[in-house]
Structure formats: structure tokens, C-alpha cells
Amino acid sequence: MAPEIWVGIAGTLFLLAFIINGLRLSRGPEGHSANAGRLHMVMGGAALPFMWLAVVASANM
């Protein structure tokens, strides 16, 4: 398999961990860490489709 596929899969796992950590932080008491957790979830969710775009693009080559 192409290296881009492995980068997409590893990036997906990294972003899922990023999102899960953001979910954990956002459930805490209100403050900086809760806001940072919400931002982590949004940014991870926004970057996740680009990881799969790399996988699909390299698989079609």
C-alpha cells in the first residue's frame, strides 16, 4: 500500500485521540480547559475529512 494510506490511517487515529481528549476536557468544570476541550473537538472534526481525502486520493492512483 502507498505511504499516503498509512499516513491517513495514523492521522485518523491521532485525531480520534485528540477528539476523545477534548471530550474528556469539556466535561470538566467551566474554565480554560473546558473551552480548550471544545476547541479540540471542533478542530479534530474539521481535520478528519482531510485525512480520509488523502486515503481515497492515494487509493485511486
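Labels and the values behind them

Q: What share of the contacts in the protein with a separation of 6 or more comes from residues 24 or more positions apart?
A: Such residues account for 58% of those contacts. Contact means heavy atoms within 4.5 Å.

Q: What kind of model is this, and how are the residues numbered?
A: It is a predicted model, where local features need pLDDT of at least 70, side-chain atom pairs count only at pLDDT 80 or more, and totals for chains, interfaces and linings use all residues. Residues are numbered from 1 along each chain as its sequence is written, and side-chain values use heavy atoms, with hydrogens and water left out.

Q: How many helices and strands are there in the protein?
A: Two helices and zero strands.

Q: How does the radius of gyration of the protein stand against that of a compact globule?
A: The protein has 14 Å, while a compact globule of 61 residues would have a value near 10 Å. The radius is taken over C-alpha atoms, and the globule rule is 2.2 Å times the number of residues to the power 0.38. Along the principal axes, the C-alpha trace spans about 45 × 15 × 10 Å.

Q: What about the reach of helix 2?
A: Helix 2 has 28 residues and reaches 41 Å from its first C-alpha to its last. That is close to the 40 Å expected.

Q: Why is T12 called buried?
A: Buried means under 20% relative accessible area, exposed means over 50%, and partly exposed lies in between (1.4 Å probe, protein chains only). T12 has 8% relative accessibility, so T12 counts as buried. T12 is found in helix 1. Not counting residues up to four places away in sequence, T12 touches L48, M51 and W52.

Q: What makes V55 a buried residue?
A: Its relative accessible area is 11%, so V55 is buried. V55 lies in helix 2. Leaving aside neighbours within four places in sequence, V55 is in contact with I5, G8 and I9. V55 and W6 are 49 residues apart along the chain, yet their C-alpha atoms are separated by 7.9 Å.

Q: Why does S26 count as buried?
A: S26 has 15% relative accessibility, and therefore counts as buried. S26 is found in helix 1. Not counting residues up to four places away, S26 touches A34, G37, R38 and M41.

Q: Against what do the buried residues of helix 1 pack?
A: They pack against helix 2 (32-59). The buried residues of helix 1 are I5, G8, G11, T12, L15, G22 and S26. Those of helix 2 are A34, A36, G37, G44, V55 and S58, and these pack against helix 1. Buried residues make up 21% of the 61 residues in the protein.

Q: What makes E30 and R38 a salt bridge?
A: Their side chains meet at 2.9 Å, N to O. A salt bridge needs a side-chain nitrogen of Lys or Arg within 4 Å of a carboxyl oxygen of Asp or Glu, so the label holds. The structure holds one salt bridge. E30 counts as exposed at 63% relative accessibility, and R38 as partly exposed at 33%.

Q: How many aromatic pairs are there?
A: The count comes to one aromatic pair. F14 and F18 form this pair, with 6.2 Å centre to centre and 25° between the planes. Rings of Phe, Tyr and Trp (its six-membered ring) pair if their centres lie within 6.5 Å; planes under 30 degrees apart count as stacked, over 60 as edge-to-face and the rest as tilted. The F14 and F18 pair is therefore stacked.

Q: How are F14 and F18 placed in helix 1?
A: They are four residues apart in helix 1 (residues 3-26), so about one helical turn separates them. F14 is exposed, with a relative accessible area of 57%. F18 is partly exposed, at 30%.

Key
Expected span 1.5 Å × (residues − 1).
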